[in-house]
Amino acid sequence: MQNSRVILRAECQHFASVHDENPCVASIPYFGFVEEIWELNYVKFIICVFKCKWVDNNTGMWIDDVGFTLVDLKQLTYQNNHFIMAKQAK
């Protein structure tokens with residue numbers, strides 16, 4: 001698993017209520033590791049995707065006193081969402 005860590009930053013809009021006309025955009029990081037790399041050949045173009053296992057953001061991730069993000073790769077979740085496009089990975 002050396003050098004196979006991956007971060008996906010998902011952006012979504014949050015509304016305070018139905019009548020809120022000023023949505024707030026939040027960037028949520030998801031941490032995990034690459035299990036497999038797939039190359040999908042559609043004849044006219046090729047797409048590279050990563051099959052990943054994701055860490056639970058609630059129990060498997062925290063920020064220490066110095067500001068470093070620590071990740072416990074044994075606290076896995078999101079079992080049904082394995083694949084991301086390679087260009088989405090950080």
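**Close-up views of a predicted model**

**View 1. Met61 is placed in strand β4 (61-63).** Strands, like helices, are DSSP runs numbered from the N terminus, with at least two residues (E) for a strand and at least four (H or I) for a helix. The model is predicted, so local features need pLDDT of at least 70 and side-chain atom pairs count only at pLDDT 80 or more, whereas totals for chains, interfaces and linings use all residues. Residues are numbered from 1 along each chain as its sequence is written, and side-chain values use heavy atoms, with hydrogens and water left out. Met61 has a relative accessible area of 22% and is therefore partly exposed; buried means under 20%, exposed over 50%, and partly exposed in between (1.4 Å probe, protein chains only). Neighbours within four places in sequence aside, Met61 is in contact (heavy atoms within 4.5 Å) with Phe31, Asp56, Thr69, Leu70 and Val71.

**View 2. Thr69 belongs to strand β5.** With 39% relative accessibility, Thr69 is classed as partly exposed. Its contacts, apart from neighbours within four places in sequence, are Phe31, Met61, Trp62 and Ile63. Asn81 is 12 residues from Thr69 in sequence, and their C-alpha atoms are 22 Å apart.

**View 3. Asp56 is buried without a salt bridge.** A salt bridge requires a side-chain nitrogen of Lys or Arg within 4 Å of a carboxyl oxygen of Asp or Glu. For Asp56, the nearest side chain of opposite charge is that of Lys53, 15 Å away; Lys and Arg count as positive and Asp and Glu as negative, while His and the chain ends are not counted. Asp56 occupies the loop between β3 (46-55) and β4. Its side chain makes a polar contact of 3.3 Å with the side chain of Thr59. A polar contact is a pair of N or O atoms within 3.5 Å; within protein, one must be able to donate a hydrogen and the other to accept it, and residues adjacent in sequence count only if both atoms are side-chain atoms. Beyond residues up to four places away in sequence, Asp56 touches Met61, Gln75, Leu76 and Thr77.

**View 4. Asn57 also lies in the loop between β3 and β4.** Its relative accessibility of 16% makes Asn57 buried. A polar atom of the Asn57 side chain is 2.9 Å from the backbone oxygen of Pro29. Residues up to four places away in sequence excluded, Asn57 touches Ile28, Pro29, Tyr30, Phe31 and Tyr78.

**View 5. The structure holds one salt bridge.** Glu35 pairs with Lys53, and their closest N and O atoms are 3.5 Å apart. Because Glu35 lies in strand β2 (residues 24-41) and Lys53 in strand β3, the pair ties together parts that are 18 residues apart in sequence. Glu35 is partly exposed at 37% relative accessible area, and Lys53 is likewise partly exposed at 26%.

**View 6. Val43, in the loop between β2 and β3, has a positive phi near 65 degrees.** Most residues other than glycine have a negative phi. Val43 is exposed, its relative accessible area being 77%.

**View 7. Trp62, Val66, Phe68 and Leu70 form a nonpolar surface patch.** Patches are made of residues with over 30% relative accessible area and no salt bridge; nonpolar side chains (Val, Leu, Ile, Met, Phe, Trp, Tyr) are joined within 5 Å and like charges within 9 Å. Together the four residues have about 430 Å² of accessible area, from the Shrake-Rupley method with a 1.4 Å probe; for residues, only the protein chains shown count as cover. Val66 is in the loop between β4 and β5 (69-71) and counts as exposed at 66% relative accessibility.
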